[in-house]
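This report takes a structure one region at a time. Please keep the sequence and the model open beside the text while reading.

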Amino acid sequence: MITRRSLLASVGAAAGMTQIDPRFFISSAYAQTTEPIIFLSAENITGNWDPTAHTTLSQKNIEAYVMGYLSRTPMRPENPDETNMELAESITLLDGFRLEIKLRPGVKFHDGEPFAAKDVKATFEYGAQPDRPAQWYPGPTDSFEVTTPDDMTVIVDTSKGGYAASLFIFLASYLPMMSAKDIAAGPNGPLSQRLNGTGPFRFVEQRGNDTVLEAYDEYFMGAPKVPGVNYSFVGDATTRILSMLNGQASIIERLEPEQIETLTGKPNITLSKMVSVENKYLWFRCSKPPFDNPLLRKAACHAIDREIIYEVLGESGSPSKNFISPIKFGYIDLDNYPEYDPEECQRLLAEAGYPNGEGLPELEYITSVGFYPKTKEYGEVITALLQEQGFPVTLNVMEVAAWNENLYDREGGGPGHMIDCGWSTGSPEPDLVLRTHFHSSSKRITGLVDPDIDALLDKERSASTLEERRRIIQEELTPMLADRAPALSLFTSVLVHAMRSDLQGLFLYPDGAIDASKAAFV
Amino acid sequence: MHVGGGFIVFIVNFLIRRLAQGVIIVFLVSFLIFTLLRVIPGDPVRLMAGGMAPDHVIDQIAEDMGLRDPIPVQFVRYMGGVLQGDLGQSFIRPASGAAVGGASFDDNTRSERAEVFDLIADTAPFTLQLALLAMAFALIVALPVGIYGGLRPGKWPDRLALYMGSLFISLPNFWLGIVLALVLSVNLGWLPAIGYQGFAYTILPAIVLAVEIAPFLIRSLTVSVAQNMRENYISVAAIRGIGHRRIVMAHALKNASVPLLNLLGVQFSMLLGGVLVVEFIFDYPGLGLLTINAVLQRDFPLIQGIAIVTSAAFVVINIIVDLVATTIDPRLEY
């Protein structure tokens, strides 16, 4: 029954509701167009900001906002060797073993220290120390000498190591320049606690999973137009895409093929697709049976029909026939690259002593799910194709942390017999892949020790000119790798980013790094 | 009824007894989690040290950290720290709290590891806020539907309560989360969905959780209200001339609230420890997301810390619920 009192109470409550501002509870997701760029990353970072302490791609991408580089290489397929000077004004080969770098004057680090030749020297010498996990350099610190005739000139002399100084040309576009002062403070100093660079954005703090960067107004190529970048790790692909759809995220990365379909045609979202610097590989554990036998490795390669993998990947993969991406220096479609050939597979199996696969032990093929697109799906294809030829293979799909735990070679050979992984380095330098994985001094995943391959890797590193080096890589080294097959490069990844259409002026590098110094919401 | 000094004695005895039981429960949970973590596959040292670390380095680090000692020895050492308020340091996370990947084994320059207590203290308020809001949303729906259903057994309000409960309980929370985010956030732009930048970010995940727990509340209310309305004291109250509203509010609901209260306690405790999927979908920075990442990274101290805190919260909440229930219905003995 409605009484006078209850009626008045209802009217009063209704009147009160009109006084409540719903914005306190509900704020539109589209209301934040002037905020910093929000980048949602598929990969987490490490606990150490020292750029030489890790090979983690997401952290390299954060460094690209903050750090400065002597030069940058856009690495577009139409002109893979293009180089743009940044902190360097010029990089000149004086002779086979000497490189001169002239630096741009008037540049400052974010902590106020002026950038000079001493910083380049310190960066080169520190980064090349054998105990630095990133291992970027053609040789350890004692294999080259860096001198600084004046504050703006650096001379790199590689004659002690006996390899060409030209190797530093491509590395110059990849090595973030650190402050000599930070390096001098030692490995437990500020270097590991925060980033200090000369790039367009300044590192502010790590807030949980968010790396907070703000525009550096004194950036030597002009102050950024956006106030900052928030770089956040969001592990779930669906969550990232929902953030893109509702306008919370400015950019997301590593889209799966079906997600590309979902976002295609959305008026407020732009897709960027580019052939990346990353190849995806099936790595063999070469230091233990049965894949210590190159015949067997090659037989496995001939069992795999890469055309089916391309179909599974859709737009996320691009065909390639080499161990490096087509945008790396020295790429060529190899004539002897192992193709799908069941007859050849059977011939090699028989020659290796395992006719039809008989006598082979149970083989484990490890892959991951959650980071790379479609790994489980094409892993199942590869497993089925290998089984078809008689390889007793079991696919073991792991979440990323467990897979990472099992990735690398160790004493007695890494876990399993084959493992899936990509390798991405933001430079045209091929040795960042080839030497890292196939030289016996590194052999990250395969555990390969092959004196012939070592000799060719050393030979190409020591070539006196870039043209000679290119020839050795294309005509000797990579054909030998195709023949010995310590790994099978399955395809080159296509990096797919989705970004808000009103965010313009970004330049995306094919390793996923982004130059946002000229970006703006328009 | 316990009154005056007797009541205080009762409260003190009650608290001592229940807290003692609670300590045993937390201890057993801790031991169970501690043991399980150490017998399942996956070596945390491998994650800490990085994939490139040789086996002998892994063994050395594990030995240095005491991870190769017998499990009871490790447990006693761990509980010794816990009793002094030290939940240990995360194996993986730096002090900034970021979820991180493995570093290289010979990298001695990693940032200081985060204290487990700090990580939990930073994230628990978010989960508490989410759980409270979810409970509020659930009650807003469950109270009218459940009470009205209980007052009209066999009629449409009862059927509505039944159908609504059945519908809600059939909706998988991950599916509902994605659909709600698509509709309310993507299409309508009413609510933000991902991460946390303010209170509004709690609403969508709270709705999903409310839909998950509302069926239990609705069913409990419907049944207990209907049951109480059939009791003699209700008929007698009507004969005594007490109005229907007063009978329902002051008598039937008061008695029906005891099972509801127990259920609320259980549901709330489960919310604190069981918001994993919802927090993961919405990237909501609470205990659930922390737990998922800790499990994926084999971060033993963090998993153990979360287990201890949530089981302790479970115990405390249930003690409070029982206390309140006793004051509502003094016949209850706990």
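## A helix across a sheet in chain A

In this predicted model, helix 3 (residues 117–127) of chain A lies across strand 5, strand 6 and strand 7 of chain A, and runs at about 180° to strand 6 of chain A. Helices (H or I, at least four residues) and strands (E, at least two) are DSSP runs numbered from the N terminus, while angles, from 0 to 180 degrees, are taken between the N-to-C directions of axes, which are lines fitted to C-alpha atoms, for helices over the stretch in contact. Two residues are in contact if their C-beta atoms, placed from the backbone, lie within 7 Å.

The open sheet is formed by four strands of chain A in the order 4-5-7-6, with antiparallel pairing, where two strands pair if DSSP finds at least two bridges between them. Strand 4 (88–95) and strand 6 (145–150) of chain A are the edge strands, each pairing on one side only, and the twist from one strand to the next averages 20°. Within this arrangement, strand 5 (residues 98–103) and strand 7 (residues 153–157) of chain A pair in the antiparallel sense over five bridges, and A:Ile101 stands opposite A:Val154 in strand 7 of chain A.

## Conventions of the model

Residues are numbered from 1 along each chain as its sequence is written, and chains are lettered from A and ligands numbered from 1 in the order in which they are written. The model is predicted, and local features therefore need pLDDT of at least 70 and side-chain atom pairs count only at pLDDT 80 or more, whereas totals for chains, interfaces and linings use all residues.

## Domains of chain A

Chain A is divided into domain 1 (37–48 + 196–274 + 496–521), domain 2 (67–192) and domain 3 (275–494), with bounds that come from an automatic or database domain assignment. The C-alpha centres of domain 1 and domain 2 of chain A lie 27 Å apart, and their contact takes 11 residues from domain 1 of chain A and 19 residues from domain 2 of chain A. On the side of domain 1 of chain A that touches domain 2 of chain A, the residues divide into four nonpolar, five polar and two charged; here Ala, Val, Leu, Ile, Met, Phe, Trp, Tyr, Cys and Pro count as nonpolar, Asp, Glu, Lys and Arg as charged, and the others, Gly among them, as polar.

## Other strand pairings in chain A

Strand 8 (residues 201–207) and strand 9 (residues 210–215) of chain A pair in the antiparallel sense over six bridges, and A:Glu205 stands opposite A:Val212 in strand 9 of chain A. These two strands form a hairpin with two residues between them, and A:Gly208 in the turn has a positive phi of about 60°.

Strand 16 (residues 418–423) of chain A is largely enclosed by the rest of the structure, because five of its six residues are buried; a residue is buried if 20 or more other C-beta atoms lie within 10 Å of its own, exposed if 12 or fewer, and partly exposed in between, with C-beta atoms placed from the backbone. Strand 12 of chain A runs antiparallel to strand 16 of chain A and is joined to it by six bridges, with A:Leu282 opposite A:Asp420 in strand 16 of chain A. Strand 14 of chain A, in turn, pairs with strand 16 of chain A in the parallel sense over two bridges, and A:Ile366 stands opposite A:Ile419 in strand 16 of chain A.

## Backbone features in the loops of chain A

The peptide bond from A:Pro289 to A:Pro290 is cis, with omega near 0°, and A:Pro290 lies in the loop between strand 12 (269–284) and helix 8 (294–302) of chain A. A:Asn356, although not a glycine, has a positive phi of about 55°; A:Asn356 is exposed, with 11 other C-beta atoms within 10 Å. A:Lys443, also not a glycine, has a positive phi of about 40° and counts as buried, with 21 C-beta neighbours inside 10 Å.

## Chain B

Chain B has 13 helices and two strands, and buried residues make up 43% of its 334 residues. The axes of helix 5 (residues 116–151) and helix 8 (residues 200–229) of chain B come within 6 Å and cross at roughly 35°, and the residues of their contact divide into 25 nonpolar, seven polar and no charged.
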